[in-house]
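Thank you all for coming, and please have the viewer open while I talk.

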Amino acid sequence: MAELLKRLTEVGGVSGDEGRVRQLIRQEVSPFVDEVYTDRMGNLIAYKKGKGSGKKVMLCAHMDEVGFIITGIGEDGMLKFKVVGGIDPRVLVSKRVLVGEKGHAGVLGIKAIHLQEPEEREHAVKVKQMYIDIGAVSKEEASQAVKPGDYVVFDSKYVEFGDNKVKAKALDDRAGCAAIIELIKQEQRYGFDLYACFSVQEEVGLRGAEVLGYSINPDIAIVVEGTTCSDVPGVDEHLYTTLMGKGPAITIMDGSSYANKELVGMLVNTAKNEGIPFQFKKGASGGNDAGRIHLARKGVKAATVSIPCRYIHSPSSVMDLDDYKNTITLISAFLKGCEL
Amino acid sequence: MMKELLKKLTEVYGPSGNEEVIRDVIRQEIEGFVDEMRVDTLGNLIAIRRGRGKKVMLAAHMDQIGFMVTHIDEKGFLRFTRVGGISVGNSINRRVIFKNGVTGVISYEGEITDIRDIKFERMYIDIGASGQQQAESMVSIGDVAVYHSTFSENSGRYVGKAMDDRAGCALLIETAKRLQSSPHEIYFVFTVQEELGVRGAKTAAYALDPDIGIAVDVTLTGDTPKSRPMAVKLGGGPAIKVRDVSMLAHPRVRSLMVSRAQEAGIPYQMEILETGGTDAGAIHLTREGIPSGVLSIPCRYVHSDSEMVDASDMENGVKLMLHILEGEIEI
């Protein structure tokens, strides 16, 4: 189980460049489903026929992660870049990155503190002050290794540590991808047809999910997310979005959707009946693929189950493995009890 | 008659995502005046009057803005997040009410020196609970409160919460009740989650695939002391939308509305709204595109617990809608 998480989080897949993640997932799920295909946007859909009703249940996790894209190469061989998705610029300085398909090692650089003007030191670093250093000494040399348009990901290994915790990049939303893969591997066939969807470009505006909602047009949809967890020093308890180790977080409302109350009720009852810990996600900012899926065509009943992840959108997100396992257990029990 | 209906509708609970109660009230009101009714996946109420002419979608949203409980502390105070466009200034020290009748007061941590510094994260709802346990017996995480205020009238001006957009709902219900004959197939759609981003209208329009769409919603006015300039005033008649942030009204729908008003001698005003949008913003972009417009009801103090509309604007709005529906529609 952890081995899958390791492979999924260590592969690069910035929004628009999900090919390697897609390939990995395709290999994982192929033996367990009736059909696997990629749509025009690049979404991967794994289809598992059910035993009867013909009703459609969609599970969705996004393959893409936040990262960077190379926009130019300076005469000094330093790379200019833009951020893809939402990243707090303050987490960037001195982080290691991998550039381009071949994964050239690089560092996010900035001029040293003693060279900064007093005013610069007072303010948080801005992205435009930074560059990526791949060790090249000239534009010519750098151009042999990378080109504008190349994607850049954080260079970060999957590490298990502490009390059943893991640290990795891209837990948002490879944790969701891994959870859905584990669900597919359960040999269960349901009364309904299962569409396990792995979407593209969630981090740049829920784009893959928009066409998935339209093409799959499911009866119900469950989005599986790695979501923010702010139970850390300096934050008032009422502002914790989720708590680590307290189980999967069920969304009531976020910035992109009001979860279907019938589904939320079913999820809560399933958790209570099965003795699975759960929590409600607090706060209503942000959004996820459910925001697009629930508005597809005539409307879709949709809900979100999330795995709390601290330091999301950074090279080192932290997740509790029990939360991860309980998320799988909850959705599995929900699907088994789901009669359409 | 409209007054009683408006009082009834504005006093019913129905924040975005929780439109069940208001939907039932509207359903009872319109029952018998349409041929069929259904509720769709998102919760929109679709009331259909069958006909052979144009398919006309009329939309007014049922939902109102509110406050969702996110946290209950050990002393029994509630923290909340906004459901729709709640503003700080309209909320401090206001009373709110939950679906189950529990009432609360909205307040703020510490003293207020400058209202511009206030963050929602520092505001709370006091429901008078003596502690966490008692509070949890009264409300739950995810429950939504709405403004708690009563309906009142002075000389043809109505004041109450949720005029946005129960005034629109009342206008459509009244239209359905008074409509004698129309060649058209008319969809009276009472939408959900408009305040969260015109969501209900999007799926309803897709399902109905109408020839023309008209949203009925409130709009702002420019007729109060030092208000932002806007050529819409209370009592000046229903406003015919030219544009807002979400759409440019289709010129033929706009001119249809203008010419029907002129033919019938109904006062009207043209509306250009610089903030906000309506269900028509979602409707007009559906499928291959749907010619759409908006019939607006001028309203002061929108998104507060005391929104004000004018009785004659409501009455003239119904008349204009009836004139539109009774004649031929060329789009």
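Let me begin with a word I will need several times: a residue is called buried if 20 or more other C-beta atoms lie within 10 Å of its own, exposed if 12 or fewer do, and partly exposed in between, with the C-beta atoms placed from the backbone. What we are looking at is a predicted model, in which local features need pLDDT of at least 70 and side-chain atom pairs count only at pLDDT 80 or more, while totals for chains, interfaces and linings use all residues. Residues are numbered from 1 along each chain as its sequence is written, and chains are lettered from A and ligands numbered from 1 in the order in which they are written.

With that in hand, please find A:Q201, which sits in the loop between β12 (193-199) and α6 (207-216) of chain A; helices (H or I, at least four residues) and strands (E, at least two) are DSSP runs, numbered from the N terminus. A:Q201 has a positive phi, near 55 degrees, although the residue is not glycine, and A:Q201 is buried, with 24 other C-beta atoms within 10 Å. A:H313, in the loop between β16 (301-310) and β17 (317-320) of chain A, likewise has a positive phi, near 60 degrees, without being glycine. Is A:H313 buried or exposed? A:H313 is buried, because 23 other C-beta atoms lie within 10 Å.

Now to the cis peptide bonds, where I would like you to look at the bond that joins A:D172 and A:D173, with omega about 15 degrees; A:D173 belongs to helix α5 (residues 171-185) of chain A. In chain B, the bond from B:D164 to B:D165 is cis, with omega near 5 degrees, and B:D165 is placed in helix α4 (residues 163-178).

That helix of chain B has a partner, since α2 (residues 20-30) packs against α4(B) at an angle of about 20 degrees, with the axes 10 Å apart; axes are lines fitted to C-alpha atoms, for helices over the stretch in contact, and angles run from 0 to 180 degrees between N-to-C directions. The two helices are therefore roughly parallel, a term for angles under 35 degrees, whereas those over 145 count as roughly antiparallel, 65 to 115 as roughly perpendicular and the rest as oblique. Their contact (C-beta atoms, placed from the backbone, within 7 Å) is made by B:I26, B:E29 and B:I30 of α2(B) and by B:C169, B:I173 and B:A176 of α4(B).

Methods: Contact = placed C-beta atoms within 7 Å.
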